[in-house]
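Hi everyone, thanks for coming.

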Amino acid sequence: MSDDERLLADLRRMWQAADPPPPGLGPIMVATVAAADLDEEWELLVLVRDSADEGLAAVRGLGTARMLSFSAAAGWSLEAEIDGEQFSGQVLDLEPGADPTDVVVAVETRAGESWSTPLDEFGFFTLLAHARGTLRFTVRFGGVVASSHWVEV
């Protein structure tokens with residue numbers, strides 16, 4: 001058992017002894033979360049393509065950009081290109097009638113740094129960020145917040 005697992009087990013025992021949860025709390029919380037439509041408010045962007053995982057293209061060129069593609073359960077997607085400190089891309093397939101200029105794309109680091117920009121009227125974004133190491137993308141619009149898993153760049 002690791003130190004973290006031992007600490008969590010000690011905390012679990014302490015809370016069970018000092019302030020145990022009321023009977024039935026687990027099913028009540030599951031039903032409450034389901035009824036609150038949290039899936040609609042907080043989505044996860046799933047990485048579906050990373051050019052770093054692909055072989056080199058059989059073409060000549062000096063391109064160094066890394067392409068990442070994410071999809072959300074609601075059907076929309078984020079295409080992102082990282083080229084040095086320039087992050088650019090597009091949010092695709094937003095629901096009909098959605099205004100792309102109400103959408104904000106952010107690049108966030110584990111250290112708490114964040115750079116964000118709204119989309120243009122065509123759904124494109126470009127921003128300069130000094131983000132290196134582990135980062136994630138977050139997309140916000142109409143009460144929806146969708147973040148990707150952390151990606152090493």
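So, here we are. Of the 153 residues in this protein chain, 31% count as buried. Please keep in mind that this is a predicted model. The accessible surface comes to about 10100 Å², and 57% of that surface belongs to carbon and sulfur atoms.

Now the layout. The chain has 3 helices and 10 strands, and reading from the N terminus, the order is α-α-α-β-β-β-β-β-β-β-β-β-β. If we take the contacts with a separation of 6 or more, 47% of them are between residues 24 or more positions apart.

On to the serines. Let's begin with S69, which sits in strand β2, residues 66-71. Is S69 buried or exposed? Its relative accessibility is 5%, so S69 counts as buried, the cut-off being under 20%. What does it touch? Leaving out residues up to four places away in sequence, S69 touches V46, L47, V48, R49, L78 and E79. With E79 there is also a polar contact, side chain to side chain, at 2.7 Å.

Our other serine is S114, in strand β6, residues 114-118. S114 has a relative accessibility of 46%, and therefore counts as partly exposed. Setting aside neighbours within four places in sequence, S114 is in contact with A106, V107 and E108. And if you look for R136, 22 residues away from S114 in sequence, you'll find the two C-alpha atoms 9.6 Å apart in space.

That's my tour, and I'm happy to take questions!

Key. Residues are numbered from 1 along each chain as its sequence is written. This is a predicted model: local features need pLDDT of at least 70, side-chain atom pairs count only at pLDDT 80 or more; totals for chains, interfaces and linings use all residues. Side-chain values use heavy atoms; hydrogens and water are left out. Helices (H or I, at least four residues) and strands (E, at least two) are DSSP runs, numbered from the N terminus. Buried means under 20% relative accessible area, exposed over 50%, partly exposed in between (1.4 Å probe, protein chains only). A polar contact is a pair of N or O atoms within 3.5 Å; within protein, one must be able to donate a hydrogen and the other to accept it, and residues adjacent in sequence count only if both atoms are side-chain atoms. Contact means heavy atoms within 4.5 Å. Accessible areas come from the Shrake-Rupley method with a 1.4 Å probe; for residues, only the protein chains shown count as cover.
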